[in-house]
Amino acid sequence: MAKKPNKLKARLPRGFVDRSSADIRATDAMIAKIREVYERYGFDPVETPAFEYTDCLGKFLPDTDRPNAGVFSVQDDDEQWMSLRYDLTAPLARHVSENINEIQLPYRTYRAGWVFRNEKPGPGRFRQFMQFDADTVGAPGVQSDAEMCMMMADAMEALGIPRGQYVIRVNNRKVLDGVMESIGLGGEEHAERRLTVLRAIDKLDKFGLEGVRLLLGEGRKDESGDFTKGAELEPSGIDQIVGFVGGTAQLDNEGQIELDRMGSIFAACGYGPDQIKIDPSVVRGLEYYTGPVYEAELLFDVTNEKGEKVQFGSVGGGGRYDGLVKRFTGRDVPATGFSIGVSRLMTALKNLGKLGQDEVVAPVLVTVMDGDTEALGCYQKMVQELRTAGIRAEMYQGNWKKFGNQLKYADRRDCPIAIIQGSDEREAGQLQLKDLIEGKRLSEEITDNVTWRESRPAQITIAEADLVATVQKLLAEQAEDRAKANSSSADTSAKGDA
């Protein structure tokens, strides 16, 4: 007897997720609000492919025989390595460099897209996620950096995140580099130690000043007993950095002058420290940022995987990267920009109840009573009339001979209305409209005949010519009922909270 072929096991790759219609719609709604802010600032869209030649993605990738550490890479048939982009900035630098003679500088652009990291996945950590970037290429002044920060603040507020629940934190890599030089960590020979120091500074929010002090010295042991080796700086160097990060000391260099200038611009434009704040502890882009750096941080509490209350934290950031385009062109092309982590921001908005609240009404269902060509044409014509009027509608496409299955389908789809027309109704130029929402309510809530008779009828007969107008009227009544129910629910909840 022949062996049955083995079934292929359906399985999702680790670190990737399928997206539901609700998530897709919520993401689209969020991106539309951010895009509106970008457009208002005069930015235009551009799109780059998901794959780039690996060497074009930058020196930030490992130089190995198969360059797939951190990225997903394949070899083309001409033996060139290509990688899925790990951010949207490196591809933009390549795009600008290739089209430098045609592009009008300053080049102000935005783009949303998927990026890929070949990293170990974990809770809330995925290998594919979406970013939404805005960049200005060809503008050397810090006024363009200041504008980016103001646009980030405007984007947060456009999404309904109130002041006090977000802040755009700003620092300057030139200040940080000046601090490194002042404690004897300048030059290429100290590059690795500088990274250790910068990583320690970046832990300020998590461990506080004393925790940073330990990481700058011998190291720090956490609650589990795990030990993190420190930068092993001298006590005087530790004091200098802690004073700088804690805001008790300043460094008088070009970076500080740029920060002061940005602060003046924020004040002149009416952006207070509750929106944009100069913060010496901000560390971003250890590899390629060259000037101002900024980060959008959400300040409200959420519960993490361990059940602990923590601040939500960063949802995006960016800075000045004057060296990226120069790698291709050999000439100085200043650039600044920021990236919003779309998936992470969407999670934050759900926590705030600012997303996924917009209702999507399921389609009106035109049922099929007769399967001949003439009848099917009539049913499809009804669907098209409803769609032309802006109403979501579909004709039942399953086995039409089992009418009960059609109503079960409508129920599972949460269809608000079913339209029914048999041959007798068609000859009379009539239709039956079944209000499925009201019908469900009647069957679940009403137990006495008086209330049943006084309620809105769940099924009516109308003239074919009145189809669109009647469906619009029924949908409006259903929407009004939902609004009342939501209002009543909110009132009850508010009383309970009080």
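On one side of helix α11, Thr373, Glu374, Lys381 and Thr388 are exposed, that is, over 50% relative accessible area, where buried means under 20% and partly exposed lies in between (1.4 Å probe, protein chains only). This is a predicted model, in which local features need pLDDT of at least 70 and side-chain atom pairs count only at pLDDT 80 or more, while totals for chains, interfaces and linings use all residues. Residues are numbered from 1 along each chain as its sequence is written, and side-chain values use heavy atoms, with hydrogens and water left out.

**Helix α11**

- On the other side from those exposed residues, Ala375, Tyr379, Met382, Val383 and Leu386 of α11 are buried.
- Asp372 caps the N-terminal end of α11, with a side-chain oxygen 3.2 Å from the backbone nitrogen of Glu374, and after the helix comes Gly390, whose phi is positive, near 85°.

**Strand β5**

- Strand β5 (residues 107-116) is mostly covered, since seven of its ten residues are buried.
- Strand β1 (residues 44-45) pairs with β5 in the parallel sense over two bridges (pairing requires at least two DSSP bridges), and Pro45 has Tyr110 as its bridge partner in β5.
- Strand β6 (residues 128-137) runs antiparallel to β5 and is joined to β5 by ten bridges, with Phe132 in β6 as the bridge partner of Ala112.

**Salt bridges**

- The count comes to 24 salt bridges, each being a side-chain nitrogen of Lys or Arg within 4 Å of a carboxyl oxygen of Asp or Glu.
- Arg108 and Glu147 meet in a salt bridge at 2.9 Å, N to O, and this pair links strand β5 with helix α3 (residues 142-158), 39 residues apart.
- Arg169 and Asp279 meet in a salt bridge at 2.7 Å, N to O; Arg169 lies in strand β7 (residues 166-172) and Asp279 in the loop between β10 (276-278) and β11 (292-303), so the pair ties together parts that are 110 residues apart in sequence.
- Arg169 counts as buried at 8% relative accessibility, and Asp279 is buried with a relative accessible area of 10%.

Terms used: Helices (H or I, at least four residues) and strands (E, at least two) are DSSP runs, numbered from the N terminus. A polar contact is a pair of N or O atoms within 3.5 Å; within protein, one must be able to donate a hydrogen and the other to accept it, and residues adjacent in sequence count only if both atoms are side-chain atoms.
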